[in-house]
Amino acid sequence: MPFGKKRWLNSLALKILLAFIAGALLSIALLVLSGRLVKERLPGMDLSDYTHRLAQELQFDLRGQPTGFNNGDQYPLWIYQSITDDVAYRVLDDEGRVVLMSPGAQHWPTLAPQVSREFKFTLNGMIYDGATEPYVLAGKTWWIQMVASSRIIDFLHRGFALPFIRFGIELFSLVLLVVFGLCAWVTLKYSLKPLRNVSTEAALISPRSLDARLQTHGVPTEISPLIDSFNQALARLEKGYRNQQDFLAKAAHELKTPLTLIRAEVELMDQQLDARELLLLQVEHLARQVQQLLLLAEASEPLSYRFAPVDVPAIARDCVQFLQRIALDAQVSLTLSTADDPLHWRADRGALFTLLKNLIENAIQHSPLGTAVHITVSEKGFTVRDVGPGVAEEELPLLFSRFWRGAHRRDSGAGLGLAICHEIALAHGWTLQAENARPGLLLTVSTG
């Protein structure tokens, strides 16, 4: 199918127009059906048709002479016996002689049946409408005539037809409203389904999935330009985000090498030991900040992760052993509670080690002398708790912000450790939360 034709068929305006056309056609069909129902069911509406049906009920004897009519439910003969002044019939042969009639037809004027199929006459000041219908049997024609007075027709119209018609109009209006509403609802639901899908896709886009684009397949042509513009905006954002990450990584790498050289030169200095130690401390601080910037850049980039099954208790034990010396220098003990059996998660081993290390190191920096940091690993996640002063409630939302530092830590870090932990947790689909344990701060990583 040519692209232009396909685009035209996918138009939202066209689908709504087709919905109203379908509703109009259905309404017309209902109108025709109700008209036929009225024509068939309302008494006195079509005298010729009534006479024709009466003729079909004519009975004959063995000599072929009319003897009467079948007394059916639809056309009962008692009517002609009960209201003789208002309805009557008679049957004539082909010479115009009356061979059969009801009581009310005795005083009819002479009417030639071959002249007109419909006729009218006045009797005793009352107007009568009549109809003639031929019936052929064995080559002989019989004429059935039926009349009804104007007052009985008016009674039937006013007493039965008009109320039925009013009810039919009200019912038809309601049906018309329902049909149009249903057609519009079905059409809009079908037409707007691609928009709902696009909305769901857009809600899932985050800084970790900027490479995603909204699909335009099935989207109405009126909305496609908006989707295309949104995708172009995403492309620009992705480009700027990638440039920012590249700059951060390159800046960290560019600073790391000169700092290493400065450190080496300072370590070779023999004189001015006090100045040498001060310079070494400053270099160490800068090197730590550069290392954290590099880790933050890596943690913010989804492509830097390599997921595989890892033994979490083993990583936790390695992390505690790695930080044991820092804890001893801070006069803080580390306690680890974990299952003896291997507990495997799907994670990036290096990132998980960094996450645990930063959380434990942060707890060490905020722990009073002589206290302990408790690490617990379970199937649902792990926790790290200290017994320090905790964090003010209004500062809890800032805990994982970049470059935010608590007031009670001992070192002069850049405030990126917990921000790195937050990025690693997001990359794994985990939840990192903090709450005051009173005493201390409880950091929880939930995997489910």
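This is a predicted model: local features need pLDDT of at least 70, side-chain atom pairs count only at pLDDT 80 or more; totals for chains, interfaces and linings use all residues.

User: Is Cys319 buried or exposed? And what about Cys421, buried or exposed?

Analyst: Cys319 is buried, with a relative accessible area of 0%. Cys421 is buried as well, and its relative accessible area is also 0%.

User: OK, new topic. How many salt bridges does the count come to?

Analyst: It comes to eight salt bridges. One of them joins the side chains of Arg349 and Asp318, at 3.5 Å from N to O. Arg349 is in helix H10 (residues 349-365) and Asp318 is in helix H8 (residues 312-322), so this pair ties together parts that are 31 residues apart in sequence.

User: How accessible are Arg349 and Asp318?

Analyst: Arg349 counts as partly exposed at 43% relative accessibility. Asp318 is partly exposed too, at 34%.

User: Which residue does Lys357 form a salt bridge with?

Analyst: Its partner is Glu361, and their closest N and O atoms are 3.5 Å apart. Lys357 is buried, at 17% relative accessible area. Glu361 is buried too, at 9%.

User: Which side chain of opposite charge is nearest to Asp386?

Analyst: That's Arg385, 6.8 Å away. A salt bridge needs the nitrogen within 4 Å of the carboxyl oxygen, so Asp386 has no salt bridge, even though it is buried.

User: Then what lies by the side chain of Asp386?

Analyst: The backbone nitrogen of Gly388 lies 2.9 Å from a polar atom of that side chain. The backbone nitrogen of Leu441 lies 3.2 Å from a polar atom of the Asp386 side chain.

User: Where is Asp386 in the chain?

Analyst: Asp386 lies in the loop between strand E12 (381-385) and helix H11 (417-428). Leaving aside neighbours within four places in sequence, its contacts include Ala363, His366, Val373 and Pro439.

User: Tell me about Pro439. What kind of peptide bond runs from Arg438 to Pro439?

Analyst: That peptide bond is cis, with omega near 10°. Pro439 lies in the loop between strand E13 (431-436) and strand E14 (441-446).

User: What about aromatic rings? How many aromatic pairs does the search find?

Analyst: A search of the whole structure finds nine aromatic pairs. Among them is a tilted pair, Phe60 and Trp142, at 6.1 Å centre to centre with 55° between the planes. That pair links distant parts of the chain, with Phe60 in strand E1 (residues 58-60) and Trp142 in strand E7 (residues 140-149), 82 residues apart. Phe60 is partly exposed, at 22% relative accessible area, whereas Trp142 is buried, at 1%.

User: And how are the rings of Phe121 and Tyr128 arranged?

Analyst: Their centres are 5.4 Å apart and their planes are at 15°, so the pair is stacked. Phe121 is buried, with a relative accessible area of 7%, and Tyr128 counts as buried at 9%. Ring pairs also link Phe121 and Tyr128 with Trp108 and Phe119 into a cluster.

User: Last one, backbone angles. What is phi at Asn124?

Analyst: Asn124 has a positive phi of about 55°, although it is not a glycine. Asn124 lies in the loop between strand E5 (118-123) and strand E6 (126-137), and it is exposed, at 79% relative accessible area. Gln331 has a positive phi near 55° and is not a glycine either. Gln331 lies in the loop between helix H9 (324-329) and strand E9 (333-337), and it counts as exposed at 51%.

Terms used:
Residues are numbered from 1 along each chain as its sequence is written. Side-chain values use heavy atoms; hydrogens and water are left out. Buried means under 20% relative accessible area, exposed over 50%, partly exposed in between (1.4 Å probe, protein chains only). Helices (H or I, at least four residues) and strands (E, at least two) are DSSP runs, numbered from the N terminus. Lys and Arg count as positive and Asp and Glu as negative; His and the chain ends are not counted. A polar contact is a pair of N or O atoms within 3.5 Å; within protein, one must be able to donate a hydrogen and the other to accept it, and residues adjacent in sequence count only if both atoms are side-chain atoms. Contact means heavy atoms within 4.5 Å. Rings of Phe, Tyr and Trp (its six-membered ring) pair if their centres lie within 6.5 Å; planes under 30 degrees apart count as stacked, over 60 as edge-to-face and the rest as tilted.
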